[in-house]
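Dear colleague,

I am handing over the structure we spoke about, together with notes on what was found in it. Please read the notes with the coordinates open beside them.

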Amino acid sequence: MAKYARCVALLVASVIAGPGAVAVAQQALVPSGPNKLQFPEGYDKGVLYATVDRHDTKQYREFYTSAAAVQAAKDGKPIPDGTIITLAAYAAKVDAEGKPVKDANGRFVKDKLVAVNSMQKQKGWGEDIPAAVRNGDWVYQSFTPEGKVNEKANLTACYQCHLPFAQEEYLTNLPKLSGKFPSTATVAARSGPSDVAISGFAFGPGALKVTAGQNVTWTNADDTPHQITLADGGKRSGVMLKGQSATLQFDQAGNIAYFCGLHPGMKGSIEVTAKH
Ligand code: HEC
Ligand SMILES: [Cu+2]
């Protein structure tokens, strides 16, 4: 029954949006379940090259890979064949009110491991992946904290979300891997009438008013990349690394809802009023 209901919903959606758009978003182009990527035993003995505080999901994340991959990134060379990059996602410790506890450096504190997500590059592995979502020769897998394949993981989404990073080996933070990322630098806040700051996984202001024809500029102050995606039509800005900005122009009056393409829980809106 549940399955039937989903089919109907999919059919309705495809009639409204046209077949192309929906096929990518709804169908599992890459099936869940075991694949070539085996659980990376001992991943945490590798190089811990970055950590991320996820304010949106209250997680603390660690990124691991091999010394050879870090060296290649530093030398500006392709990431070597066979490289595995692993993201260990932990629940952040929270206080009595459910707010993440911070350490002396203002960073999240890790609690329980909740998931181990890996990507591995191996010559020819990308050939099995549908061209629409292929990430070169990278393959993705999601594991439970016990190291079992997470059969429910939406693997298609892994490929879709990392695809915009094609110029950077499909990594969301190649600069961090090479140690070139200015992670301690602070980003000057811009606060013009059409500026939105992105900080702590939130848009400030969350609701902005502009006049038709005006540009809106977002500037990312977080260590993590963000990307503006308009809810209606799906128009996307470029991916912004720390300190980078993106500008979109709004010509028509209306209320524009948007979210982050990389962290869909981050939401904001622009109220565009007609010119007088
Ligand atoms: C909604 C977009 C999105 C989806 C879906 C997604 N990722 Fe990512 N991934 C990111 C972002 C953004 C980062 C940077 C760290 C962060 O913000 O947590 C990242 C980082 C990573 C990293 C560390 C290397 C890097 O690119 O920086 C790995 C490994 C990874 N993801 C694997 C996966 C796997 C496996 C899946 C599917 C089970 C997946 N990702 C699904 C957005 C996504
Ligand atoms: Cu984001």
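Which protein atom is the single donor to the iron atom of ligand 1? It is NE2 of H162, 2.2 Å away, where donors are N, O and S atoms within 2.8 Å of the metal (3.2 Å for Na, K and Ca), and where sites may look incomplete, water not being among the atoms.

Before going further, please keep in mind that this is a predicted model, in which local features need pLDDT of at least 70 and side-chain atom pairs count only at pLDDT 80 or more, while totals for chains, interfaces and linings use all residues. Residues are numbered from 1 along each chain as its sequence is written, chains are lettered from A and ligands numbered from 1 in the order in which they are written, and side-chain values use heavy atoms, with hydrogens and water left out.

Ligand 1

H162, the iron donor, lies in helix α4 (helices are DSSP runs of H or I with at least four residues, strands are runs of E with at least two, and both are numbered from the N terminus). Of the 23 residues around ligand 1, R61, C158, C161, H162 and N173 come nearest, a residue being counted as near if one of its heavy atoms lies within 4 Å of the molecule or strand.

H263 is found in the loop between β12 (254-260) and β13 (267-273), and its relative accessible area of 4% makes it buried (buried means under 20%, exposed over 50%, and partly exposed in between, with a 1.4 Å probe and protein chains only). C260 is buried as well. The side chain of H263 also makes a polar contact with the side chain of R54, at 3.5 Å; such a contact is a pair of N or O atoms within 3.5 Å, and within protein one must be able to donate a hydrogen and the other to accept it, while residues adjacent in sequence count only if both atoms are side-chain atoms.

The nonpolar core

The largest nonpolar core has 59 residues, and F203, W218, I228, F250 and I270 have the most contacts inside it; a core of this kind is a set of buried Ala, Val, Leu, Ile, Met, Phe, Trp, Tyr and Cys residues joined through side-chain atoms within 4.5 Å. Strand β3 (residues 84-92) gives the most to this core, with 6 residues. Because domain 2 (31-177) and domain 3 (195-273) both give residues to this core, it lies between them, the domain bounds coming from an automatic or database domain assignment.

Two loop residues

S194 sits in the loop between α5 (174-177) and β6 (195-199) and is buried at 17% relative accessible area, with a polar side-chain atom 3.3 Å from the backbone oxygen of N215. V149, in the loop between β5 (138-143) and α4 (155-162), counts as partly exposed at 23%.

With best regards
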